[in-house]
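Subject: Structure handover

Hi,

Here is the structure I promised to pass on. Please open it first, then read my notes below.

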Amino acid sequence: MNSDQADILDLLSGHTDDSTIERLAFECLMNGIADERVTSLLNVLAWRGAFDCFAIGGVPASNPMAASLAARKSVRDLGGENAIIGTYGSFLLMLVRQIGAATPEVTCTSVMPAFAESDSVYLSPVRSGVAGASHALRETLFSLQAAPALSTQSRPLRADELLPERALLGDDYAREELYRNVYRVLRGDNPDDPTYLTVSTFLRYGSSLENTAKELNVHPNTVRYRLKRAAETTGWDATDPRDAYVLTTALAIGRMREH
């Protein structure tokens with residue numbers, strides 16, 4: 001545990017009001033602290049028992065206090081309970097418990113006016129429990145920090161749109177996803193499966209079917225078939241420039257980890 005985490009947890013022994021407890025819970029989750037003490041904080045804020053949640057973040061449309069109040073009202077109007085909201089730099093981040101009509105898409109649409117129209121808004125996947133809450137908030141921050149790297153952006157941004165950029169910023173969740181769900185899937189369990197070799201060779205030769213086929217001593221149609229199969233298993237198409245960047249990053253992470 002680093003000194004910042006220790007300082008935050010030292011405050012838990014004091015007698016505090018709900019707003020201070022919310023701030024402490026937010027800071028703990030943002031720092032990756034997800035132990036029983038944070039569970040106790042969430043219990044005070046009525047986040048009791050098992051729960052599913054998601055995070056939304058962006059630059060507030062007005063001052064953070066006004067944007068926070070507007071976002072809270074939107075969640076309450078949907079039947080949601082006690083959103084946990086805090087600021088990090090210029091960003092306003094909110095953690096919402098999935099309950100009633102407060103589903104991710106509906107809630108994001110409802111709170112969108114609280115965020116600046118000219119800036120990115122990020123909507124996380126649904127996560128479970130205290131560890132999931134920390135994951136959702138942290139990936140939201142990394143995604144917002146990484147968003148300027150994209151030339152075009154959807155609104156809201158989604159988790160898999162910024163995996164390479166998040167990994168470059170030091171997001172361990174993104175690195176793990178690229179390793180486990182892309183690199184390891186390509187590697188597979190069968191050493192005779194040519195998928196990994198085909199994709200890595202194709203990327204190394206600048207997405208040239210002919211050069212890849214020549215290097216592997218196969219027909220270009222065989223390369224096409226293998227690339228299509230790789231896209232079906234990983235969800236990333238090596239023939240698409242953006243997807244190729246994701247795959248290249250995943251391969252680099254995997255090779256470094258297994259070196």
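I start with the sheet pairings. Strand 1 and strand 5 (residues 127-128) run antiparallel and are joined by two bridges. In that pairing, Asp52 has Ser128 of strand 5 as its bridge partner. Please keep in mind throughout that this is a predicted model.

Is strand 1 mostly covered, or mostly open? Mostly covered: six of its seven residues are buried.

Strand 3 (residues 91-97) has another pairing, with strand 2. Five bridges link the two, again in the antiparallel sense. Thr87 is bridged to Leu92 of strand 3. Strands 2 and 3 form a hairpin, and two residues lie between them. Gly89 sits in that turn and has a positive phi of about 60°.

Now the overall layout. The protein chain has 259 residues, and 47% of them count as buried. It contains 12 helices and five strands. Along the principal axes, the C-alpha atoms fill a box of roughly 70 × 40 × 30 Å.

The chain is divided into two parts: domain 1 spans 6-158 and domain 2 spans 173-256. Their centres, taken over C-alpha atoms, are 36 Å apart.

An unreviewed UniProt entry carries "domain: PucR C-terminal helix-turn-helix" for residues 198-253. In the model, that span is 77% helix and 0% strand. Its end C-alpha atoms lie 18 Å apart.

The largest pocket has a volume of about 260 Å³. It is lined by 14 residues; Ser68, Arg72, Ile85, Gly86 and Thr87 are the closest to its centre. Which elements each supply at least two residues of this lining? They are helix 2 (18-30), helix 4 (64-77) and strand 2 (84-88). By class, the lining has six nonpolar, four polar and four charged residues.

Helix 2 and helix 4 each supply at least two residues here. The lining divides into five nonpolar, three polar and five charged residues.

Last, some backbone details. The peptide bond from Arg155 to Pro156 is cis, with omega near 10°. Pro156 is placed in the loop between helix 6 (129-146) and helix 7 (163-168).

Two residues other than glycine have a positive phi. The value for Ala46 is near 75°. Ala46 is found in the loop between helix 3 (36-44) and strand 1 (52-58). Is Ala46 buried, partly exposed or exposed? Its relative accessible area is 22%, so Ala46 counts as partly exposed. The cut-off for buried is under 20%.

Asn217 is the other case, with a positive phi of about 60° although it is not a glycine. It lies in the loop between helix 10 (209-216) and helix 11 (220-234). Asn217 is exposed, because its relative accessible area is 71% and the cut-off for exposed is over 50%.

Best wishes

Definitions and conventions
Residues are numbered from 1 along each chain as its sequence is written. This is a predicted model: local features need pLDDT of at least 70, side-chain atom pairs count only at pLDDT 80 or more; totals for chains, interfaces and linings use all residues. Side-chain values use heavy atoms; hydrogens and water are left out. Domain bounds come from an automatic or database domain assignment. UniProt positions are given in the numbering used here, feature names are shortened, and annotations may be inferred rather than shown by experiment. Helices (H or I, at least four residues) and strands (E, at least two) are DSSP runs, numbered from the N terminus. On a 1 Å grid over the protein atoms alone, a cavity is a set of points where a 1.4 Å probe fits but cannot get out, and a pocket is an open set with protein on both sides within 12 Å along at least five of seven lines; lining residues have an atom within 4 Å of a point. Grid points are joined across faces, edges and corners, and a volume is the space filled by probe spheres set on the points. Ala, Val, Leu, Ile, Met, Phe, Trp, Tyr, Cys and Pro count as nonpolar, Asp, Glu, Lys and Arg as charged, and the others, Gly among them, as polar. Two strands pair if DSSP finds at least two bridges between them. Buried means under 20% relative accessible area, exposed over 50%, partly exposed in between (1.4 Å probe, protein chains only).
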